[in-house]
Amino acid sequence: MMEFLGIGSVDVSNQVIQRDRYAEYFCFLANLATTLDKIGVEIRSMQRTEIGEVEEAFGAKQVGSSTMPHKRNPIRSEQVCGLARIIRSAVEPAFQNNTLWDERDLTNSSPERILFPEATILCDHIVTLMTTVIAGLVIREDRILENLNMLHGINMAESVMIELTRVGMARQEAHEIIRVKSMEALAAKRSLASLLAETPEVSKYISPSDIEKLLNPNQYIGTSVLQVERVVSKLKPLCQ
């Protein structure tokens with residue numbers, strides 16, 4: 001079994017090996033579970049009715065709630081987040097199992113009979129669950145666009161401020177103009193682009209068409225696509 005798992009023997013041991021290596025294993029499981037927990041929290045948050053940008057896949061016959069037939073709950077993500085708490089709870093007893101009396105005592109034995117199978121099986125389970133969730137994730141592009149437009153363009157205001165600074169305006173002056181016009185856009189429920197186009201201090205530096213481009217969220221994603229593609233290229237060989 002050790003050869004199959006690629007595990008070597010310890011250099012020094014008595015009746016038992018030191019439990020620090022076991023603690024490290026449980027820390028790994030807890031760290032993995034926490035990463036899946038983080039993904040699950042994000043999916044659950046973004047599936048809320050008032051956001052609605054992503055959804056877990058929902059079967060034609062699936063029931064979301066026993067009392068509210070209209071509900072579509074992210075039940076798999078909820079399960080991942082809940083079980084991650086159980087997996088993390090294995091870390092503390094795993095560390096305590098290090099402090100055995102003299103050459104050994106048996107206080108490690110009873111918790112390990114629970115910790116090893118429970119944490120390992122649960123971790124395997126939530127990895128499988130989250131893989132299913134991500135594979136079937138529904139992306140609501142219409143809601144993403146709707147939410148982006150909710151603030152009338154002020155969520156992209158920084159890009160105009162940076163451009164004003166780049167073409168010669170003092171940064172503090174650019175900051176104050178964008179701040180004032182952003183507040184006006186919110187209060188009047190008007191697009192920031194139209195307000196800036198009507199502002200002489202801005203229009204003498206940037207044309208209305210360039211303002212529209214600067215406030216386009218599709219132009220403001222930085223290196224996010226490159227980062228994702230780089231990670232995918234690294235992981236693909238491992239998935240063969």
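Modeller: S77 counts as buried because its relative accessibility is 0%, where buried means under 20% relative accessible area, exposed over 50% and partly exposed in between, with a 1.4 Å probe and protein chains only. This is a predicted model, in which local features need pLDDT of at least 70 and side-chain atom pairs count only at pLDDT 80 or more, whereas totals for chains, interfaces and linings use all residues. Residues are numbered from 1 along each chain as its sequence is written, and side-chain values use heavy atoms, leaving out hydrogens and water.

S77 belongs to helix α3, residues 75-88; helices here are DSSP runs of H or I with at least four residues, strands are runs of E with at least two, and both are numbered from the N terminus. Leaving aside residues up to four places away in sequence, S77 touches G40, I43, R44, E56, M130 and V133, contact meaning heavy atoms within 4.5 Å.

Turning to the rings, the structure holds four aromatic pairs, a pair being rings of Phe, Tyr or Trp (its six-membered ring) with centres within 6.5 Å, called stacked if the planes are under 30 degrees apart, edge-to-face if over 60 and tilted for the rest. Y22 and F116 form an edge-to-face pair, because their ring centres are 5.0 Å apart and their planes stand at 90°. This pair links distant parts of the chain, with Y22 in helix α2 (residues 20-46) and F116 in helix α5 (residues 109-135), 94 residues apart. Y22 is partly exposed at 23% relative accessibility, and F116 is partly exposed at 26%. Y25 and F26 are also edge-to-face, since their centres are 5.4 Å apart and their planes at 65°; of these two residues, Y25 is partly exposed at 30%, whereas F26 is buried at 1%. Ring pairs join Y22, Y25, F26 and F116 into a cluster.

Further along, helix α7 (residues 157-166) packs with helix α8 (residues 171-188) at an angle of about 150°, their axes 9 Å apart, where axes are lines fitted to C-alpha atoms, for helices over the stretch in contact, and angles run from 0 to 180 degrees between N-to-C directions. That makes α7 roughly antiparallel to α8, the word applying to angles over 145 degrees, while those under 35 count as roughly parallel, 65 to 115 as roughly perpendicular and the rest as oblique. In this contact A157, V160, M161, L164 and T165 of α7 meet R171, A174, H175, I178 and S182 of α8.
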